[in-house]
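Work through these exercises with the structure open beside you. Try each task before reading its solution.

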Amino acid sequence: GQQLNQSPQSMFIQEGEDVSMNCTSSSIFNTWLWYKQDPGEGPVLLIALYKAGELTSNGRLTAQFGITRKDSFLNISASIPSDVGIYFCAAGGTSYGKLTFGQGTILTVHP
Amino acid sequence: NAGVTQTPKFQVLKTGQSMTLQCAQDMNHEYMSWYRQDPGMGLRLIHYSVGAGITDQGEVPNGYNVSRSTTEDFPLRLLSAAPSQTSVYFCASKDRREGREQYFGPGTRLTVT
């Protein structure tokens, strides 16, 4: 089946540092999404990308839909302690509503 | 709106027991789905439904049954639980319009001994 390779698997950073994570696939997708999951909660959508090459920001978060439609990245600038959590990329193809998820990046921010 | 609700939050089963995980949404979403989350594997789609009376298999459907008799509810049934089904289960719903996000419930943590 379709797979997404998300890296890095985990990051340990100091408060104030910038963070970058990415997701790649051998398949083409029409939609790329980035979710954040807090402990004991379900994933919450951060950014949605619908067009190849699209660059979208949401506060300190910026994400891009790769021009080849096979990858995406998420940047977090000036990290703060509440950024701690698991970040997932997800991608959608032509099958309505069905998403494929990456393995997740565990982010730890030291004050 | 309560959004997507799931019950129970925690459950322990013995091998061979059956149970139903409940999922409900009050947003009148046509699309609903069940995922399981295992360490290092992200979320994997079990079953999904594009409307009442319509269900289909996802990536990992074996050992699970679903039905969709109403727009609001989408229960997931384990007929004979196995230790390999120990996981965290998430239900999600989505508006049928293109580009709308999926909303996730808080999850059910299931342990099968």
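**Exercise 1.** Find how many salt bridges cross the interface of chain A and chain B in this predicted model.

*Solution.* Look for a side-chain nitrogen of Lys or Arg within 4 Å of a carboxyl oxygen of Asp or Glu. Across the interface of chain A and chain B, the count by this rule is zero. Next, turn to polar contacts. One residue pair is in polar contact across this interface, with both residues at pLDDT 80 or more.

**Exercise 2.** Describe the side of chain A that touches chain B.

*Solution.* Start with the elements. S4 and S10 of chain A are those that give two or more residues to this side. Then sort the residues by kind. Eight are nonpolar, six are polar and two are charged. Now count the contacts. On chain A, 16 residues are in contact with 23 residues of chain B. Finish with the area. About 1600 Å² is buried between the two chains, and carbon and sulfur atoms give 56% of that.

**Exercise 3.** Explain why strand S9 (residues 85-92) of chain A is largely enclosed by the rest of the structure.

*Solution.* Take under 20% relative accessible area as buried. Seven of the eight residues of S9(A) are buried, so the strand is largely enclosed.

**Exercise 4.** Identify which strands pair with S9(A), and in what sense.

*Solution.* Begin with S4(A), residues 31-37. Seven bridges join S4(A) to S9(A), and the two run antiparallel. Here Trp32(A) stands opposite Ala91(A). Move to S11(A), residues 105-110. S11(A) pairs with S9(A) over three bridges, again antiparallel. Gly85(A) has Leu107(A) as its bridge partner. End with S10(A), residues 99-101. Three bridges join S10(A) to S9(A), also antiparallel. Gly92(A) is partnered by Leu99(A).

Methods. Residues numbered from 1 in each chain as written. Chains lettered and ligands numbered in written order. Predicted model: local features only at pLDDT ≥ 70, side-chain atom pairs only at ≥ 80, totals over all residues. Heavy atoms only, no water. Buried < 20%, exposed > 50% of the residue type's maximum accessible area, 1.4 Å probe, protein only. Helix = DSSP H or I, 4+ residues; strand = E, 2+ residues; numbered from the N terminus. Pairing = 2+ DSSP bridges. Contact = heavy atoms within 4.5 Å. Buried area = accessible area lost by both parts, 1.4 Å probe. Polar contact = N/O pair within 3.5 Å; in protein donor to acceptor, adjacent residues only side chain to side chain. Nonpolar A, V, L, I, M, F, W, Y, C, P; charged D, E, K, R; others polar.
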